[in-house]
Amino acid sequence: MPPSPAPLLLFAVTTDLCYDQRMQRICGSLAAAGYRVRLVGWQRPASPPLTPQPYAQHRLRGWFQHGKLFYLEYNLRLFFYLLGQRAAAWCACDLDTALPVWLRARLGGQPFVYDAHELFTEVPEVVARPAVQRVWRWVEGFIVPRARLAYTVGPALARVFEQRYGRPFAVVRNVSRLQADAPLPAAAVSSGGYILYQGALNVGRGLENLLDAMPQVAGRLVICGEGDLSAALRERAARLGLLASGSDPVGQVEFRGFVLPEALRDVTHHAAVGIMLLENIGLSYYYSLANKFFDYVHAGIPQVLIDFPEYRALNDQFDVAELVPDLSPATLAAALNRLLRDEPARYQHLAANCRRAAPQLSWQHEEQVLLKLFETLVPGGPTVPLPH
């Protein structure tokens, strides 16, 4: 008699699967542990071909790419897709995928999992629109208590969920996988290093102030990512004279657009300083714990970091960053120049601390937490212990 197939775990996101590093890590670890895994996302107009992964991938396609019509279309298409699937557990990543995933789990009598990449009801785009926020708060209040398993990216967000709903929330931090063969980081701007921002170009990321600071900064800025502010930020950089031109063929600011994770790791390792800035416009940002913090640590590069609770706690422990109390251009320029030009001993101290901290801040640790959570969810699953 042939052995029973391994349990299938199905995850749904609204993101482009090629760039969602958190889901690549989660699905990759579960697949390596012996589960069958399928990750469902959305086809964007500029989406590159799917990159090979050790799990199944599927992209939904539709007419809309943002706004209310996008969420309506995505949820309908996702639900009808899920009706044709079979799984041992159904996993929604953030509230924008939760209702169809919960309904499919309910119809099949299987466990529903909620993976909160952020506090969706407190992101800036939602906080700024009270009527929209009320709708998403209703969805959150309906979904979270019904999840068999719930986890998020950091302790502070877990506490917010626990206080709101009186249920346990596990923590699986959004930490990079430590690469054993990573190249040595750039030692200073003079060796070709640059300031790096990686991530979405959206409201509340401090990017307007960062561009305003650059004329006073002794270094170049490379921006990897796209978002709602892509066009506005490029126009702002052009007005400030920061882009490449006939008189300055290099430019002080370079927009590289979307960069695939494998290439982004190389870009990060050749940077001199990383940037992790957020505005205090919603609890999701204030209590965030972004993957770029860990990416910079793994690359061995100091970072200029907003002084929010989760980042302060980590920096108090490892001392890998210059914390800034505000996002004024003068504050940002002073912090960047301190690392790039004025205090080389401080730069080297932070870089050495990054190299010491990296083995402790790695996905190799976080995936052990993840596997234990799914062992409790799908008893008898084919988990294989992974090395630390």
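## A guided tour, starting at a salt bridge

Select E140 and R164. Their side chains meet in a salt bridge, 2.6 Å from N to O. A salt bridge here is a side-chain nitrogen of Lys or Arg within 4 Å of a carboxyl oxygen of Asp or Glu. The pair links distant parts of the chain: E140 sits in helix α5 (residues 130-143) and R164 in helix α6 (residues 155-165), 24 residues apart. Helices (H or I, at least four residues) and strands (E, at least two) are DSSP runs, numbered from the N terminus.

Before moving on, know what is on the screen. This is a predicted model, where local features need pLDDT of at least 70 and side-chain atom pairs count only at pLDDT 80 or more, while totals for chains, interfaces and linings use all residues. Residues are numbered from 1 along each chain as its sequence is written, and side-chain values use heavy atoms, with hydrogens and water left out.

**Stop 1**

Is E140 buried or exposed? E140 counts as buried because its relative accessibility is 0%. R164 has a relative accessible area of 24%, so R164 is partly exposed. Buried means under 20% relative accessible area, exposed over 50%, and partly exposed in between (1.4 Å probe, protein chains only).

Now select R236 and D212. Their side chains also form a salt bridge, 3.0 Å from N to O. R236 lies in helix α8 (residues 230-239) and D212 in helix α7 (residues 207-213), so the pair ties together parts 24 residues apart in sequence. R236 is partly exposed, at 23%. D212 is partly exposed, at 23%.

Next, pick D307 and R312. The closest N and O atoms of this salt bridge are 2.7 Å apart. D307 is partly exposed, with a relative accessible area of 27%. R312 is partly exposed too, at 36%. Then show E122, R137, E140 and R164 together: salt bridges that share partners join them into one network. How many salt bridges does the structure hold? The structure holds 19.

**Stop 2: the nonpolar cores**

Select L210, F293, V304, Y311 and L336. In the largest nonpolar core, which has 54 residues, these touch the most other members. A nonpolar core is a set of buried Ala, Val, Leu, Ile, Met, Phe, Trp, Tyr and Cys residues joined through side-chain atoms within 4.5 Å. Which helix gives the most to this core? Helix α13 (residues 329-342) does, with six residues. Another core, of 40 residues, lies apart from it; among its members are L10, A105, Y114 and V144.

Zoom in on V304. Leaving out residues up to four places away in sequence, V304 touches V273, G274, I275, M276, L277, E322, V324, A335, L336 and L339. Contact means heavy atoms within 4.5 Å.

Step to Q303, in strand β12 (residues 303-306). Q303 is buried, with a relative accessible area of 0%. Beyond four places in sequence, the contacts of Q303 include V273, F293, Y296, V320 and L339.

**Stop 3**

Colour helix α2, residues 67-83. At 1.5 Å a residue, its 17 residues should span 24 Å, and the end C-alpha atoms are 25 Å apart, which agrees. The expected span is 1.5 Å times one less than the number of residues. Buried residues in α2 include F70, Y74, L78 and L82. Their cover includes β1 (8-12), β2 (36-42), β3 (56-60), β4 (89-93) and α3 (98-108).

Go to helix α15 (residues 363-377). Its 15 residues reach 21 Å from first C-alpha to last, close to the 21 Å expected. Among its buried residues are W363, L370, F374 and L377. What covers them includes β1, α1 (21-32), β4, β5 (112-116), β6 (149-152) and β7 (170-171).

**Stop 4**

Find L103, in helix α3. L103 is partly exposed, at 31% relative accessibility.

Select residues 21-170. UniProt lists them, in an unreviewed entry, as "domain: Glycosyltransferase subfamily 4-like N-terminal". Such annotations may be inferred rather than shown by experiment. The span is 46% helix and 18% strand, with its end C-alpha atoms 20 Å apart.

**Last stop: confidence**

Colour by pLDDT, the predictor's confidence in each residue, from 0 to 100. The mean for the protein is 92, and 93% of residues reach 70 or more. Over residues 183-191 the pLDDT is below 50. Residues 383-388 also stay under 50. Where pLDDT is low, the predicted coordinates should not be read in detail.
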